[in-house]
Amino acid sequence: MENVTNVINEKRFNSSKLVLDNRKKLSLTGVEKAISSNEQNMIFMVSGNRVYICGQGLHIEKLDVESGMLELSGEVDSIKYGTGGNKNMLKRLFK
């Protein structure tokens with residue numbers, strides 16, 4: 001019997017667009033998946049990179065990974081883009 005492997009197709013977007021309205025409403029396109037979220041911190045994979053959103057009272061209003069659309073509300077304090085690699089910083093340091 002052959003070994004069958006299930007392949008999960010992750011959708012990849014080539015571009016993204018971020019719109020922040022008065023630090024209260026955020027719209028983001030190119031969202032591939034949600035990694036983590038709570039009222040203070042949210043992490044998403046966007047066009048192959050991680051996007052870190054920090055603030056107060058953050059709430060996902062709409063998330064559609066098929067179309068890559070995210071809408072959230074709350075008070076946004078910071079937005080940071082990171083690399084999409086899965087390597088841990090310590091692994092890279094002690095290689």
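**Reading the strands, core and surface**

Modeller: Strands pair if DSSP finds at least two bridges between them. This is a predicted model, in which local features need pLDDT of at least 70 and side-chain atom pairs count only at pLDDT 80 or more, while totals for chains, interfaces and linings use all residues. Residues are numbered from 1 along each chain as its sequence is written, and side-chain values use heavy atoms, with hydrogens and water left out.

Colleague: How many bridges join β5 to β6, and how many residues lie between them in the hairpin?

Modeller: These two strands run antiparallel and are joined by 12 bridges. Their hairpin leaves 4 residues between them, and glycine 68 in the turn has a positive phi of about 80°.

Colleague: Which pattern does the chain follow along the sequence?

Modeller: Helices (H or I, at least four residues) and strands (E, at least two) are DSSP runs, numbered from the N terminus. Here there are 1 helix and 6 strands, in the pattern β-β-β-β-β-β-α.

Colleague: What joins β4 to β5?

Modeller: The strands β4 and β5 run antiparallel, with 6 bridges. Valine 46 stands opposite asparagine 49 in β5, and the hairpin has 2 residues between its strands.

Colleague: Is arginine 23 buried, partly exposed or exposed?

Modeller: Buried means under 20% relative accessible area, exposed over 50%, and partly exposed in between (1.4 Å probe, protein chains only). Arginine 23 counts as partly exposed because its relative accessibility is 40%. Asparagine 49 is partly exposed at 32%. For the chain as a whole, 26% of the 95 residues count as buried.

Colleague: Which residues make up the largest nonpolar core?

Modeller: A nonpolar core is a set of buried Ala, Val, Leu, Ile, Met, Phe, Trp, Tyr and Cys residues joined through side-chain atoms within 4.5 Å. The largest one here has 12 residues: Leu26, Leu28, Val31, Met42, Phe44, Val46, Val51, Ile53, Leu58, Leu70, Leu72 and Val76. At least two of its residues come from each of β2 (25-29), β4 (41-46), β5 (49-64) and β6 (69-82).

Colleague: What is leucine 26 in contact with?

Modeller: Contact means heavy atoms within 4.5 Å. Neighbours within four places in sequence aside, the partners of leucine 26 include Leu18, Leu20, Ile53, Leu70, Val76 and Ile79.

Colleague: Which residues make the nonpolar surface patch?

Modeller: Patch residues have over 30% relative accessible area and no salt bridge; like charges are joined within 9 Å, and nonpolar side chains (Val, Leu, Ile, Met, Phe, Trp, Tyr) within 5 Å. A salt bridge is a side-chain nitrogen of Lys or Arg within 4 Å of a carboxyl oxygen of Asp or Glu. Accessible areas come from the Shrake-Rupley method with a 1.4 Å probe; for residues, only the protein chains shown count as cover. Leu18, Leu20, Ile79 and Tyr81 make a patch of about 310 Å², with at least two residues each from β1 (18-21) and β6. Tyrosine 81, in strand β6, is partly exposed at 44%.
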